[in-house]
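Dear colleague,

Please read the summary with the model open beside you.

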Amino acid sequence: MNRTSILLIFVLAIGFIGVGTGCDSATFDALESDVVVEQVLVADEPLPPLHLSRTAKLEGTFDFTQQAIRNAKVHLSLQSGGTIPFKEHPETPGVYWPSDPAHVVESGGTYHLQIIIPGEAASIRGATVVPGRFEILAATLDSAVYQAAEQLLLTITPSQSQGRTLNYYIFVTEAMDVRADQLVPFAADVFEAANGDLELDDLRTSGSPLVSESNFDFNPDGTITIRYPWVGINFFGLNIVRLNVVDQNLYDLIRSQSIQQGGSTFGPGEIPNPIEHLGGVHGIFGSVARATHRLTVLRGE
C-alpha cells in the first residue's frame, strides 16, 4: 500500500491528524506555523517516504506543496543497529525518501526518528516499536452475496508486539472496481445525499474505528478468528480486505483524537490534546503490521 492509502486509512478512522490540538492550549498564532510529520512504517515492507510540512493558516486552504518544509535533515536509527538517512526528492518538496530503498521494515523492530529543520533550535524526535507480523491462515469466503447471513471469518496467527499483551486493529476495505453502478445500496444513498460534495474515489477505501483483540474468538490452538463486518463494503466486485495491527503511537493518537470529535464527558476547555509522541509537533510517526484477503462481493437476486 502506498503512502496515500496508508494515511487515508487513518484520515478515515480519526480525521485529519495534522491540525488536531486540544482546546486547553491551542492559540491561533501557534496553529499558523506548526510542523506536521507523516510517516507510517509497515512491517515486512520497504520504508515509505516521510512527509514534512507546516499547517496552513486557519483561514487558508492546505496545499502540501506550499506548506512543505525544505532542506531538513532526516534519518531513522534502528535499535538493532544502523542508520538510514533520508533525502528530499528534487521534484517533490517536503517529501523525503530513504537512502536505502531496499531496507525492509523489521517486524517487531524499534525505529528512532530524528529531524533537524533549518532555523529550528530543537530537533524533532520520535520512536516506534513495529508490531509483530501475523498471517491469515484460513478464510471462510472468497466471494459472498452482499449482506448475506454468512459472514467472512478470518483465522489469523497472533501478532506478537513488544511490551503489549493486547493488540488493537483497524479494518480497511479497498474497492478495486470504483464505478457508480457498483455502489452497494447504503453507499449509493450516502453518495446521493452528499449532493456533489463526495467523489466516487472518496468511497474507494473505508476504515473502521479501533477494534480490540478482546472482541475476537481465541481458539484452543492459539489462533484467532475475526468476523469481518459488512459495514466496510462500499462497492460490489473485488475488494481487498486489510487487517492492520497498530503500534502504541497510532493507538494513542486515534483514541485521543476521537475525544476531539465529541462523545466524551469533557466540558468545554477541558478536552486534552491528542497524544502524538513527537515532542510538541503534530502528525504521526508510527507503524503497523498487516495481512490481506481478497473478497468478491456479489449482488443478490
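**Aromatic pairs and the nonpolar core**

Y169 is buried, with a relative accessible area of 0%, where buried means under 20% relative accessible area, exposed over 50% and partly exposed in between, computed with a 1.4 Å probe on protein chains only. Please keep in mind that this is a predicted model, in which local features need pLDDT of at least 70 and side-chain atom pairs count only at pLDDT 80 or more, while totals for chains, interfaces and linings use all residues. Residues are numbered from 1 along each chain as its sequence is written, and side-chain values use heavy atoms, with hydrogens and water left out.

On the aromatic side, rings of Phe, Tyr and Trp (its six-membered ring) are paired if their centres lie within 6.5 Å, and planes under 30 degrees apart count as stacked, over 60 as edge-to-face and the rest as tilted. By this rule there are seven aromatic pairs. The ring centres of Y146 and F236 are 5.8 Å apart and their planes stand at 80 degrees, so this pair is edge-to-face. The pair joins distant parts of the chain, 90 residues apart, with Y146 in the loop between β9 (143-145) and β10 (152-156) and F236 in the loop between β15 (224-228) and β16 (237-246); strands here are DSSP runs (E, at least two residues), numbered from the N terminus. Both Y146 and F236 are buried.

Y169 and F216 also form an edge-to-face pair, at 5.1 Å centre to centre and with 70 degrees between the planes. Here Y169 lies in strand β11 (residues 168-175) and F216 in the loop between β13 (211-212) and β14 (217-218), 47 residues apart. F216 is buried too, with a relative accessible area of 9%, and F134, Y169, F171, F216 and Y228 form one aromatic cluster.

A nonpolar core is taken as a set of buried Ala, Val, Leu, Ile, Met, Phe, Trp, Tyr and Cys residues joined through side-chain atoms within 4.5 Å. The largest such core has 56 residues, and those with the most contacts inside it are V37, L52, I115, Y169 and L243. Strand β17 (residues 282-298) gives the largest share of this core, five residues. A second, separate core of twelve residues includes V40, Y168, I170 and L253.

Finally, V130, in the loop between β7 (124-129) and β8 (136-139), is buried with a relative accessible area of 0%.

With best wishes

Notes:
Helices (H or I, at least four residues) and strands (E, at least two) are DSSP runs, numbered from the N terminus.
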